[in-house]
Amino acid sequence: MHYLIIISLLTVSNLLMTIAWYWHIKPSATPFPLWQIVLISWSIALLEYCLVIPANHFGTLWGIKPFQLKILQEIIALSVFTLFAILYLNEKITLNYLLSFVCILGAVYFAFRK
């Protein structure tokens, strides 16, 4: 149950951070000047921090090591970004990206291996 809570918090926080970082780069996505884009993105990022900090805090309290939390966060971030890039930015996934993803999944396996 603890892992499910941590994974949920990290997933939502990564979705928010991905939106904060990349929502404005889609062609014709925003007519805002850069300073407004920065302020909007910072506002979204503040919400992200309200989730990622508790995820790391509780994860450590529940026995997940900091290296494990970071590696878990990275795989979630890449998963969220992949879906965002495909669905929102209309990017294509290539074999190179898929193979890179498999290597990172290997890192998760070794991080959690007893």
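Leu-99 lies in helix α4. Helices here are DSSP runs of H or I with at least four residues, strands are runs of E with at least two, and both are numbered from the N terminus. At 48% relative accessibility, Leu-99 is classed as partly exposed. The classes are buried (under 20% relative accessible area), exposed (over 50%) and partly exposed (in between), with a 1.4 Å probe and protein chains only.

The model is predicted: local features need pLDDT of at least 70, side-chain atom pairs count only at pLDDT 80 or more, and totals for chains, interfaces and linings use all residues. Residue numbers start from 1 along each chain as its sequence is written, and side-chain values use heavy atoms, with hydrogens and water left out.

The chain contains four helices and zero strands. From the N terminus on, the order of elements is α-α-α-α. The C-alpha trace spans about 50 × 35 × 20 Å along its principal axes. Of the 114 residues in the chain, 28% are buried.

Leu-99 belongs to a nonpolar surface patch. Accessible areas come from the Shrake-Rupley method with a 1.4 Å probe, and for residues only the protein chains shown count as cover. Patch residues have over 30% relative accessible area and no salt bridge; nonpolar side chains (Val, Leu, Ile, Met, Phe, Trp, Tyr) are joined within 5 Å, like charges within 9 Å. A salt bridge requires a side-chain nitrogen of Lys or Arg within 4 Å of a carboxyl oxygen of Asp or Glu. Two helices, α3 (66-87) and α4 (95-112), each supply at least two residues of the patch. The largest share, four residues, comes from α4.

Two packed helices are described by the angle between their axes and the distance between the axes. For α3 and α4 the angle is about 155 degrees, and the axes are 9 Å apart. Axes are lines fitted to C-alpha atoms, for helices over the stretch in contact, and angles run from 0 to 180 degrees between N-to-C directions. The pair α3 and α4 is therefore roughly antiparallel. Angles under 35 degrees count as roughly parallel, over 145 as roughly antiparallel, 65 to 115 as roughly perpendicular and the rest as oblique. The crossing of α3 and α4 is left-handed. In a left-handed crossing the near helix is turned anticlockwise from the far one by less than a right angle; in a right-handed one, clockwise.

Helix α1 (residues 2-22) packs against two partners, α2 and α3. The axes of α1 and α2 come within 8 Å and cross at roughly 160 degrees. This makes α1 roughly antiparallel to α2. Their crossing is left-handed. Against α3, the angle of α1 is about 50 degrees, with the axes 9 Å apart. That makes α1 oblique to α3. The crossing of α1 and α3 is right-handed.

Two residues of α2 (residues 34-61) were examined individually, Leu-34 and Val-38. Leu-34 is exposed, at 62% relative accessibility. Its C-alpha atom is 9.5 Å from that of His-24, 10 residues apart along the chain. Val-38 is partly exposed, with a relative accessible area of 30%. Val-38 and Trp-21 are 17 residues apart in sequence, and their C-alpha atoms are separated by 9.2 Å.
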